[in-house]
Amino acid sequence: MLKYLETSREVVLEEESLRDGLQNEPRILSLDEKLELVHLLATAGIRRVQVGSFVNPRTVPQMADTDALVGLVRAALPHLLCTALVLNRQGLDRAIGCGLDHISLSLSVSDSHSRKNVRRSAMEALEAIVVLVGVAVAHGITVRAGVQSAFGCADEGCVPEDRVLEAVRRLAAAGAVEINLADTAGKAHPDQVRQLVARVRRLEPAVRLSLHLHDTRGLGLANLMAGYEAGVRLFDVAAGGLGGCPFVQGAAGNVATEEAVHLFQGLGVDTGIDLGQLHKIVERYQEVLGRPLPEKKHRM
Ligand SMILES: [Zn+2]
């Protein structure tokens, strides 16, 4: 818990490249390659890494070795906050089986996105996730609850803010210590980020709030800045701007870790992350994936 609530840095960046970044890649990385990347991320000063997801290995074979990776990372890097994504009871049982003490449980507030993701409506998914938050907390697991499509959906367009707030209220009441608002389809606008963040903070002032932003329309960093100005101090990022949802057509990657670090450096905000080391990680990703990545800073 202490590790989770570490506040020595002004801004904490959670690295998503191993999960959001790799879940859609045609090349499946080996366990050794993933472990090497986690070591490199830790060396660069990253303190929180979502290393994978406990999803069906037949549907997402890229994440099939999450159980093994969690074990290796926790043994090798005990000071790193190692976390993974859970979407259902089977996944939660796997997380408990690995002894993982922090997970991200997540649902979508868009009906069509939710049906593609977990074959349930948004409200059905919320009910199921609320139960799982309670089960995880009862096992001593710290839960971050993710609200996907919080800023709109590629299929449905707008998602009512009140639906997002209802999900936040229920998840916090169930025991989630952090709420992660995800712009899964990359539809958010800075004004919308400011407004939703303010409403969530008013509703649940004791719950930590983090943002998961995709750069689909080139507004990733602008949205991150809007979140920062609205008081958010936790952001999801992915080295090289990797990422994208397999169920969202045309979804672009996450805000690139190196671009976020560069932005915060310019603002004089400490992230504890070394840009030079990050560029080595982007290069390593390009080697193992065999393609250039979209981020810009490493080419300067
Ligand atoms: Zn994402």
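Me: What does helix α4 (residues 89–97) lie across, and at what angle does it run to β3?

Reply: In this predicted model, helix α4 lies across β2, β3 (81–86) and β4 (102–108). Its direction makes about 160 degrees with that of β3. On a scale of angles that runs from 0 to 180 degrees between N-to-C directions, helix α4 runs at about 160 degrees to β3. Helix α6 (residues 122–138) also packs on the sheet, where it touches β4 and β5 (142–148). The direction of α6 makes about 165 degrees with that of β4.

Me: What makes β1 and β2 a pair?

Reply: Two strands pair if at least two bridges are found between them. Strand β1 (residues 12–15) and strand β2 (residues 48–54) have 2 bridges, so they meet that condition. Their pairing is in the parallel sense, and E15 stands opposite V49 in β2.

Me: Which strands make up the closed barrel, and with what pairing?

Reply: The barrel has 8 strands and runs β1-β2-β3-β4-β5-β6-β7-β8, with parallel pairing. From one strand to the next, the twist averages 25 degrees. The protein as a whole has 11 helices and 8 strands.

Me: Why are the buried residues of α8 said to line one face of the helix?

Reply: The buried residues of α8 are V193, L196, V197 and V200. Viewed down the axis of α8, these residues fall within an arc of 100 degrees, so they line one face. In an α-helix there are 3.6 residues a turn, so residues three or four places apart point the same way. The face of α8 turned away from the buried side carries the exposed residues D191, A198 and R202. On the buried side, the packing is against α7 (161–174), β6 (178–183), β7 (208–213) and α9 (220–229).

Me: What span does α8 reach, and what span is expected?

Reply: Helix α8 (residues 190–203) has 14 residues and reaches 20 Å from its first C-alpha to its last. That is close to the 20 Å expected at 1.5 Å a residue.

Me: Which residues of α5 are buried, and why do they line one face?

Reply: In helix α5 (residues 111–118), the buried residues are D111, H113, S114, N117 and V118. They fall within an arc of 160 degrees seen down the axis of α5, so they too line one face of the helix. Those residues pack against β4, α6 and β5. R119 follows α5, and its phi is positive, near 60 degrees.

Me: Why does A252 count as partly exposed?

Reply: A residue is buried with 20 or more C-beta neighbours within 10 Å and exposed with 12 or fewer. A252 has 17 inside 10 Å, which falls in between, so A252 counts as partly exposed. A252 lies in the loop between β8 (234–237) and α10 (257–266). Leaving aside neighbours within four places in sequence, A252 is in contact with G186, H214, D215, T216 and G244. A252 and A198 are 54 residues apart in sequence and 26 Å apart in space, C-alpha to C-alpha.

Me: Why does the radius of gyration agree with that of a compact globule?

Reply: A compact globule of 300 residues would have a radius of gyration near 19 Å; the protein has 17 Å, which agrees. Its C-alpha atoms fill a box of roughly 40 × 40 × 40 Å along the principal axes. Of the 300 residues, 50% count as buried. Among contacts between residues at least 6 apart in sequence, 73% join residues at least 24 apart.

Terms used. Residues numbered from 1 in each chain as written. Predicted model: local features only at pLDDT ≥ 70, side-chain atom pairs only at ≥ 80, totals over all residues. Helix = DSSP H or I, 4+ residues; strand = E, 2+ residues; numbered from the N terminus. Expected span 1.5 Å × (residues − 1). Arc of directions from axis to C-beta. Contact = placed C-beta atoms within 7 Å. Rg over C-alpha atoms; globule rule 2.2 N^0.38 Å.
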